[in-house]
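Biologist: I am new to this structure and would like a close look at a single part of it, the place where the two chains meet. Could you take me through that region slowly, and then set it in its surroundings?

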Amino acid sequence: MSQHQMFKFRLFIAGDTQNSVQALANLTSLCQLHIPKSHEIEVVDVFRHPKRALAERILMTPTLVVLAPSPVRKIVGTLAETQPLLQALRLGCFA
Amino acid sequence: MKSAAPKYVGGAAKAPTGITGFDKITGGGLPHGRTTLLEGGPGSGKTIFALQFLVHGARKCKEPGIFVAFEEAPNRIVTNFETFGWKLAELRKKKLFFLDAQPTPDLIQAGAFDLSGMLAALEAKSEEMGARRIVFDAMDTILTLLPDEAAKRRELYRVHEWLLSRALTGLITAKVGGDEENSVGKESVGFMQFMVDCAVILNHRVDLGVSQRNLRVQKYRGSGFDENESPFVIGQTGFDVAIARMLGRVDAKVTNERVTSGVKRLDTMLGGGYYRGTSVLITGFPGTAKTTLSGAFAEAACKRGERTMFVGFDSDGAEVIRNLTSVGIRLKPYVQNGLLRMVSARTITGSAETVLVRIKALAKDHKARCLVIDPVSTLSKAGNELTAHGVAERLLDWSKADGITLVCTSLLDEMSAPTDGGTPLQISTLADTWIHLNYLVQAGERNRGLSIIKSRGMAHSNQVRELILSSSGVTLADIYTAGGEVLMGTLRWERESAERVASEVAAVAGKLKRVSLDAEEAVLQVRATSLQTELEAKKVEKTLLTRTTESRQQELSRGHTTMRELRGGDAAAIPGRQRVP
């Protein structure tokens, strides 16, 4: 896997609820650790943009949508468990 | 069972579900602006109930709704429910929104999460379309994704709070719970039961191979409700909950109008026929002409031009028509012109409840004013005996409420004595008129006897009549009682012909007597005439005699005078001369 590949994330959060705050923090630190400088994170607050949540069928928060590299995947939860996410991003070998 | 309809005056506002029976049980529907839990096992009808609630709201109550589908794709739901005729596709444009909330199978879980996202999305949507009702179908599906009991409770609480704060009428269905003990996730459902304002349990069980569906309201905060299990069926237009007798619903259309039974003499026995809108029960053993009697009623109803439905459990409609033709009851023309609908109920399978619902639907569709069910006792065989009685009761109730004149026959158990003739369904006590047919075996013959056991509100004959079937029709004949013995059939005929002979003999004898009297009279007449003539002759003779005597006397006196004159007698000596001046 190339280090130069861009990772695009969209994180749906529900305001500043505990789970959402944790998820954002976990995602940021994970990216810093594994894929620094090759990631983009878009944060969408479902309370402010409920239509987007509806459009993308976001039922649970926090939900992380991995837009790139393809395929698009959805990961729900605080991301406190890093292993599933790393496996999904095929970053397991670097962990 | 609550004997009277509970009074719900001043209770909480209700959101009608459009399921007639359910709205009656709960006095109006689900609690408005509150949350209801609908529990039930697989295939118990939760989704149908929930969707019907939304459809009714959207179509009849100006309350648009949202359906959150956790388990099934909305498009599949819409396709599946097309058969109910709810026009979902049309409603979907504006008044009904389906949220596809099926968790994707490749969903990756990494830590704790909550349902805020869904609620935020729903909030936006409900504000946009002004939704007042919301259904979470198969809530348990999403709950299983949550790691522990505490998280499940927290999310349920979140949803509940959200519903309450938005004053939405919520309905949460859960595949678990119900009355079964070993259900999955009992704990969280148990929690839900305490949390919600109303809980409804659907169950679906099989008794002796017959499916029975029941609905029970477990709790309803701030409202009275019927606490019993009520049978329901999923019919052609959706849910149909059967309800027990509700006071104040019947007795609406009491009339004094009579309808003929189709047999003239039976009408006479009843003092004019059945009352319109009442129920008539004809009981009897097999072959006692129950069907014939009910066929006569159907024919008479069609002759009046009333729409009639004949439900036959025993034989096919065409067979019934053919068989009845042999006794002069011609139903075929009425079937052809659409007045009469023959329903062969052998094809209706399922519990007694299902049969009743089908009959009701068919009768409604046919706009029947007269209904024949032959025999109604089949109901107790189709399902279990426990529910059949309730079904028969509701059948009578319904026909009365709708003003339908109902004639049902009931087969009696051959073992039971004809005297105690109760029916297996015990509807003999509910029916307004009860006609009993039985056999009388005498002198090597079996003859049919008819008697009216009861007929509410009308004078009726207490006598047994003989029922005679012939190719020209159905008639009743008086039976002969001689020396304490009842005579029917040939014995009656013998008796009748003996009497006929006797009366003929008497008539002839009378004639003879008259002739001889005439003759005697004539003779006397002649004698009277001859005597009269003789009398006249005597009279003439008498007059003649008188006249002769007078003239002789005159002659005699004249002779004396002349003689005296001739002799020159003394004038003084003649007395006659002295007086002459």
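**Where chain A meets chain B**

Modeller: In this predicted model, strand β4(A) is joined by two bridges to strand β6 of chain B, residues 108–109, and these two strands run parallel. Within that pairing, V76(A) stands opposite Q109(B) in β6(B).

β3(A) and β4(A) form a hairpin, with four residues between them.

The size of an interface is often given as the accessible area lost when the parts come together. For chain B and chain A, about 2100 Å² is buried between them, with 65% of it on carbon and sulfur atoms. On the side of chain B, the residues that lose the most area to chain A are I108(B), A110(B) and D114(B), which together make up 26% of what that side buries. Counted by residues, 26 of chain B are in contact with 25 of chain A.

The polar part of the interface can be counted as well. Between chain B and chain A there are 13 residue pairs in polar contact, both residues being at pLDDT 80 or more. As for which elements of chain B take part, β5 (96–100), β6 and α5 (116–129) each supply at least two residues of the side that touches chain A. The largest share of that side, eight residues, comes from α5(B). The number of salt bridges between chain B and chain A is two, and one of them is formed by the side chains of K51(A) and E128(B), at 3.6 Å from N to O.

Chain A has three helices and four strands, and from its N terminus on the elements follow the order β-α-β-α-β-β-α. Of the 95 residues of chain A, 47% count as buried. Among contacts in chain A between residues at least 6 apart in sequence, 65% join residues at least 24 apart.

One is S44(B), found in the loop between β3 (35–40) and α2 (46–60) of chain B. S44(B) counts as buried because its relative accessibility is 1%. Its side chain reaches the backbone oxygen of G41(B) at 2.8 Å, and, leaving aside neighbours within four places in sequence, S44(B) is in contact with L202(B), H204(B), R213(B) and F232(B).

The other place is helix α11 of chain B, residues 317–325, in which G317(B), V320(B), I321(B) and L324(B) are buried. These four residues cover an arc of only 100 degrees around the axis, so they lie on the same side of α11(B). An α-helix has 3.6 residues a turn, so residues three or four places apart point the same way. On the other side of α11(B), A318(B) and R322(B) are exposed. The buried residues of α11(B) pack against α10 (290–303), β16 (308–312), α12 (332–336) and β17 (340–344) of chain B.

Note on methods: Residues are numbered from 1 along each chain as its sequence is written. Chains are lettered from A and ligands numbered from 1 in the order in which they are written. This is a predicted model: local features need pLDDT of at least 70, side-chain atom pairs count only at pLDDT 80 or more; totals for chains, interfaces and linings use all residues. Side-chain values use heavy atoms; hydrogens and water are left out. Buried means under 20% relative accessible area, exposed over 50%, partly exposed in between (1.4 Å probe, protein chains only). The arc is that of the directions from the helix axis to the C-beta atoms. Contact means heavy atoms within 4.5 Å. Two strands pair if DSSP finds at least two bridges between them. Buried area is the accessible area (1.4 Å probe) that two parts lose on being put together, summed over both. A salt bridge is a side-chain nitrogen of Lys or Arg within 4 Å of a carboxyl oxygen of Asp or Glu. A polar contact is a pair of N or O atoms within 3.5 Å; within protein, one must be able to donate a hydrogen and the other to accept it, and residues adjacent in sequence count only if both atoms are side-chain atoms.
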